[in-house]
Amino acid sequence: MSASFTTGSALRSGAPPPAVPQTWDKEITDVAEYIHKYKIDSEVAFDTARWVFLDTLGCGLKALEFEQCKNILGPVVPGTVVPNGTRVPGTNYQLDPVLGAFNIGAMIRWLDFNDCWLAAEWGHPSDNLGAILAVADWVNRTNRAGGNLANGKIFTVRDVLEGMIKAHEIQGCMALENSFNKVGLDHVVLVKVASTAVVAGMLGLTEAQTRDAVSQAWVDGQSMRTYRHSPNTMSRKSWAAGDACEKAVNLVLKVQRGEAGLPTVLSTPTWGFYDVNFGGKPFKFQRAYGSYVMENVLFKVSWPAEFHSQTAIEAAKRLNVKLREMGKTAADIESVVNRTHEACIRIIDKQFKAMDNFADRDHCVQYMVATMFVFDRLVATDYSDGSEAATSPLVESLRQKISCVEDPQFTADYHDPAKRTIANALTVTLKDGTVLEEEVVEAPLGHRLRRDEAKPEILKKYKEHIAPHFDASRIEKLTKLASDAKTLENMEIDKYVDLYIKN
């Protein structure tokens, strides 16, 4: 006789076992622990962060001189004003913190003139200020109006600097050994992750919620870097960091309202970030999180140019002096060889690529060096369509005579934690056969090795960027604050931002 059959019995036997709590990816728990438990005690980091803060705001104001940048700023619906919202420096906009983060992030990144970090992945850690400043300003204004965001905290400039140090550290340490560009992803993924972590801490989320938020940043759709490369180079590269800041703030606010995280978003087989986006390889780390990145960050002091070209442009400027002494000009140059590092070749070596737009020109080492040779200058407007440089037959002909060759030692020094140089060396051959002595520049102005030399130039750059926007008394006040670290750091951030607002 056959055994009796019971539907209920079969269902019970097939029931899934009780869920076992998942172990979080260590890469995520390390970030959350750093945000909540690590105390920044490096005054070198705070001093550097102050200069980065000023420089970054100045870069944002400079960008407002360009219509293409201004056209993407402001509220989604024209005329919308958010009570107690984020104020956007250099404008009269008052927006929700999500859109405020986009506006500020897009401004400060637009001209590729803010700070830089070069490693296996490159990027611009001050991009994170878009999210940090937007949230701090919004929190202060809301709390002054009776709100209780971030447990009622009123953020000072020093609080913002601390957030910047931690964002720099997260983005920079992840970039040291992990190349996102080699798998086609843009470096702004690290802006999104770093901003998410810092904003979560600022808004008073728990360490567990910070893990949730960071995991959401990793699972979020990641930007492809095709907009930085031929044939698709375009202006999106200038607002990609703003987009990352916007998404970071949005994700943190969702987690604050109860959205959960994804514990193994990186490591889970088939569907995790590593398998989908990173060739199945886990991240590698050179060092624990501290304040190393801010202490060693690179300032773009001299020219609004992609950082791998900075020393090449400086070498060209030095060579111009020699050419003048010889009674020669750029028109006498037959060819130029640029001995350089691998990253320069991979990103901005575009000897024969047509220069179709602003984005092509500011990411072409040949165009930037040729412009310096021809005009003895390189300014942001030199990249614009119809500009003197963009329409110069001499710039174009010389651009195609500049070739790049890799020096393996320059590449090794670029990755060496003790050096982190970004070397270029130009050898010029003249039409009469004369070969000028090679001009080598290893560390650009703004490198840690030239930091003290750079500070007066950073302040000069800041003053030049704010000058078109404000009257003499406002410029004097802002400049005085810039040189008074204690007063500036103790200032409440919304009061400081008010100094940049236009009515």
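These legends describe close-up views of one predicted model.

Residues are numbered from 1 along each chain as its sequence is written. Local features need pLDDT of at least 70, side-chain atom pairs count only at pLDDT 80 or more, totals for chains, interfaces and linings use all residues, and side-chain values use heavy atoms, with hydrogens and water left out.

**View 1**
Domain 1 puts 25 residues into the contact, and domain 2 puts in 21 residues. Contact here means heavy atoms within 4.5 Å. Together the domains bury about 1900 Å², 60% of it on carbon and sulfur atoms. Buried area is the accessible area (1.4 Å probe) that two parts lose on being put together, summed over both. Which residues of domain 1 lose the most area to domain 2? They are L118, W122 and T233, together 27% of what that side buries.

**View 2. Helix 6 against helix 10.**
Helices (H or I, at least four residues) are DSSP runs, numbered from the N terminus. Helix 6 (residues 129-144) and helix 10 (residues 236-256) pack at about 50°, with axes 8 Å apart. That angle makes helix 6 oblique to helix 10. Angles under 35 degrees count as roughly parallel, over 145 as roughly antiparallel, 65 to 115 as roughly perpendicular and the rest as oblique. Axes are lines fitted to C-alpha atoms over the stretch in contact, and angles run from 0 to 180 degrees between N-to-C directions. Helix 6 passes helix 10 in a right-handed crossing: the near helix is turned clockwise from the far one by less than a right angle. Ala, Val, Leu, Ile, Met, Phe, Trp, Tyr, Cys and Pro count as nonpolar, Asp, Glu, Lys and Arg as charged, and the others, Gly among them, as polar.

**View 3. Helix 5 against helix 6.**
Helix 5 (residues 97-109) packs on helix 6 at about 140°, with axes 7 Å apart. That makes helix 5 oblique to helix 6. The crossing is right-handed. Residues of helix 5 in the contact include P97, I104 and I108, and those of helix 6 include L129, L133 and W138. The contact has nine nonpolar, three polar and no charged residues.

**View 4. Two backbone details in loops.**
Is the peptide bond from S230 to P231 cis or trans? The bond is cis, with omega near 5°. P231 sits in the loop between helix 9 (207-219) and helix 10. A150 has a positive phi of about 50°, although A150 is not a glycine. A150 lies in the loop between helix 6 and helix 7 (157-177).
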